[in-house]
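Here are my notes on the packing and the side-chain pairs in this model. Please read them with the structure open.

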Amino acid sequence: MSTAQLDAVFRAANGRIIAALAARFRNLDLAEDAFAEACARAVTAWAAEMPRDPAGWLYRVAERVALDQVRRAGTRAQAQLPEPDPEPTAEELMMADARLIPDERLQLIFVCCHPAIHPEARAALTLRLVCGLSTGEIARAFLISEPTLAQRLVRAKKKIAVAGIPFAVPGPDAWGERLDAMLSTIEVAYAHAHADGAGSGRHADYASEMLGITAILARMIPGEAEVLAIAATVRFAEARRPARVGDNGVMIPLSEQDPARWDATLIAEGRAYFAAAARIAPHAPRVVSALIHAEWCARQSLAEPPPWANILTIYDALLTVRDDAITRLNRAVALGEVAGHDVALEEVDALDVPGLAQFLPYHAVRAGLLYRLGLHAAAREAYNAALALEPGEAERQWLERRRAEIS
């Protein structure tokens with residue numbers, strides 16, 4: 001098996017297996033370490049052939065690793081764990097698809113978002129354990145340094161252990177206090193999937209997972225406007241995926257995408273979720289944000305001009321309820337089309353958040369504005385900065401083409 005194939009299998013199994021191990025052993029570090037060891041053993045064991053159920057193989061091996069670690073630590077009696085199954089034969093490992101692994105990711109999300117954990121660490125911990133994002137990826141998403149993020153994760157895991165937070169989905173009365181962190185997690189996880197237009201990146205599989213998770217949450221909490229709004233947002237964004245990459249493999253910006261290629265079924269689902277959210281709380285931040293996607297998805301054909309003025313108006317409304325650097329950066333794109341690129345560049349350059357230097361969209365937006373203003377040397381430098389942050393293949397080709405247009 002190639003390294004890429006192994007990585008895809010490990011990534012797909014990561015959240016489910018760590019969640020299941022954490023639920024059984026009540027120890028997040030143990031769950032992570034055991035899964036990592038199982039992946040390391042798989043590299044050798046699967047050299048000739050992959051088992052029919054790779055996730056089942058990984059879970060069983062990780063479970064044994066965890067049991068061994070508990071024994072060595074001398075805590076097996078206190079944990080009251082059952083005897084491990086006999087060592088499986090090679091044939092049993094190859095036929096392991098009969099064993100089902102419990103999908104307990106939602107349970108682990110509730111654990112990571114417990115109110116005893118500092119608010120700044122809840123979403124980050126969930127993204128690390130459930131979604132498998134690296135510390136660096138999470139730090140860039142929240143515009144903070146990697147060491148700061150690492151410290152928060154360590155403190156959060158210690159808090160779970162010390163506070164004895166139960167590994168279980170709490171009753172509905174406890175959902176509200178964990179909701180914002182859960183939705184922030186979904187936003188960041190989906191942003192990583194959506195960042196790769198071709199759907200071939202490391203986190204591309206999050207896209208379909210977020211469709212499923214948001215549908216589950218919408219059924220669990222149908223009266224929460226922001227839950228419905230994020231379900232709408234994911235569907236509006238996924239509906240546009242078929243038009244995000246051209247036949248040549250290069251990314252197509254949203255304003256240049258052909259609406260005829262968008263997924264009408266997902267747009268209809270998104271509109272239904274959005275309508276329900278807007279009836280409950282039309283001014284909630286995620287509802288206003290979903291309205292931006294709804295406005296784009298109302299476009300019927302390329303013959304219609306992009307709705308820049310409406311988009312800017314909605315962003316202005318969003319700033320009254322969610323004023324942050326990422327919102328202002330996205331707004332700058334519409335501002336440039338409506339008020340002028342010099343005005344937009346001034347706003348972008350006024351953003352004072354250290355983490356923006358590692359945020360690829362910041363350099364891409366700034367490069368586009370500089371290019372449109374004829375500031376070619378500065379634009380080339382900004383495109384270089386964006387490319388240095390390793391965009392997806394379709395995005396990389398688009399950035400390189402724009403850079404090559406600079407004379």
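This is a predicted model: local features need pLDDT of at least 70, side-chain atom pairs count only at pLDDT 80 or more; totals for chains, interfaces and linings use all residues.

The points below cover the nonpolar cores, the cysteines and the aromatic pairs.

1. Local features were taken only where pLDDT is at least 70. Side-chain atom pairs needed pLDDT 80 or more.

2. The largest nonpolar core. This core holds 93 residues. F10, L21, W46, L58, L108, L125 and I160 touch the most other members. Helix α1, residues 3–25, supplies the largest share, with 11 residues.

3. Around L58. Which residues does L58 touch, leaving aside those up to four places away in sequence? The contacts are V9, F10, A13, I17, F35, A38, C39, A42 and W46. Two of these, F10 and W46, are also listed with L58 among the residues that touch the most other core members.

4. Cysteines. How many disulfides does the structure hold? The count is zero. C113 shows the geometry: the closest cysteine sulfur to its own is in C112, 6.5 Å away, and that is too far for a bond. The cut-off for a disulfide is 2.5 Å between the sulfur atoms. C113 is buried, at 0% relative accessibility. C39, one of the contacts of L58, is buried as well, at 10% relative accessibility.

5. Aromatic pairs, W46 and W57. The structure holds three aromatic pairs. In one of them, the ring centres of W46 and W57 are 5.3 Å apart. Their planes stand at 70°, so this pair is edge-to-face. W46 sits in the loop between α2 (28–45) and α3 (54–72), while W57 belongs to helix α3. The pair therefore ties together parts that are 11 residues apart in sequence. Both W46 and W57 are buried.

6. Aromatic pairs, W296 and W308. Here the ring centres lie 5.2 Å apart and the planes meet at 85°, so W296 and W308 are also edge-to-face. W296 is in helix α14 (residues 285–297) and W308 in helix α15 (residues 308–319). The pair thus ties together parts 12 residues apart in sequence. Both W296 and W308 are buried.

7. A ring cluster. Which residues do ring pairs link into a cluster? They are F10, W46 and W57. Two of them, F10 and W46, also touch L58.

Note on methods. Residues are numbered from 1 along each chain as its sequence is written. Side-chain values use heavy atoms; hydrogens and water are left out. A nonpolar core is a set of buried Ala, Val, Leu, Ile, Met, Phe, Trp, Tyr and Cys residues joined through side-chain atoms within 4.5 Å. Buried means under 20% relative accessible area, exposed over 50%, partly exposed in between (1.4 Å probe, protein chains only). Helices (H or I, at least four residues) and strands (E, at least two) are DSSP runs, numbered from the N terminus. Contact means heavy atoms within 4.5 Å. Rings of Phe, Tyr and Trp (its six-membered ring) pair if their centres lie within 6.5 Å; planes under 30 degrees apart count as stacked, over 60 as edge-to-face and the rest as tilted.
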